[in-house]
Amino acid sequence: MGTRHLLALFLILLVLGFEVQGSEVTQQEGTSPTLLAQMQESLFVYWDTAKAAAQSLYKKTYLPSMDEKIRDMYGKSTAAVSTYAGIFTDQVLHLLKGEE
C-alpha cells in the first residue's frame, strides 16, 4: 500500500470523524455508538485477532537453534554495517574538508 493510499485513507477517516463530531444530533444514553467508534472497535478486533494468530504461529514454529543463528547473523551484519558506515563517513568528511 503506497503512501498515497494511506494518506487518502487517513483523510477519509479524518473527514468521517469530523462529520460525526459535527452533527448536532442529541443522543440519549444507551443508543448505538458513532460510526467512527464502530469502525475503530472493529479495526481493534481485527488487529487483536491477527496479532494472536501471528503469536500462536510463532510459538508453534519456534526453533531455539534457528533463533540463535538469526541472532548471531544479526550481530555480525550490524558489526559489518557499522564498520563500513564509519569508513564511508570518514571518506565523505575527508572529501568535504579536504586536506588541511
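Tutor: Let us begin with a pair in which the side chains of Arg71 and Asp67 meet in a salt bridge, at 3.2 Å from N to O; the term stands for a side-chain nitrogen of Lys or Arg within 4 Å of a carboxyl oxygen of Asp or Glu. This is a predicted model, in which local features need pLDDT of at least 70 and side-chain atom pairs count only at pLDDT 80 or more, while totals for chains, interfaces and linings use all residues. Residues are numbered from 1 along each chain as its sequence is written, and side-chain values use heavy atoms, with hydrogens and water left out.

Student: Where do Arg71 and Asp67 lie in the fold?

Tutor: An α-helix has 3.6 residues a turn, so residues three or four places apart point the same way. Here Arg71 and Asp67 both belong to helix 3 and are four residues apart, about one turn of the helix; helices (H or I, at least four residues) and strands (E, at least two) are DSSP runs, numbered from the N terminus.

Student: Is Asp67 buried or exposed?

Tutor: Buried means under 20% relative accessible area, exposed over 50%, and partly exposed in between, with a 1.4 Å probe and protein chains only. Asp67 is therefore buried, at 19%, whereas Arg71, at 59%, counts as exposed.

Student: How many salt bridges are there by this rule?

Tutor: The count comes to two. Asp72 is partly exposed at 42% relative accessibility, and Lys76 is exposed at 57%.

Student: Why does the length of helix 3 agree with its number of residues?

Tutor: The expected span of a helix is 1.5 Å times one less than its number of residues. Helix 3 (residues 64-97) has 34 residues and should therefore span 50 Å, which agrees with the 49 Å between its end C-alpha atoms.

Student: Which elements have the lowest and the highest mean pLDDT?

Tutor: Where pLDDT is low, the predicted coordinates should not be read in detail. On this scale of the predictor's confidence in each residue, from 0 to 100, helix 1 has the lowest mean among the elements (71) and helix 3 the highest (90). For the protein, the mean is 80.
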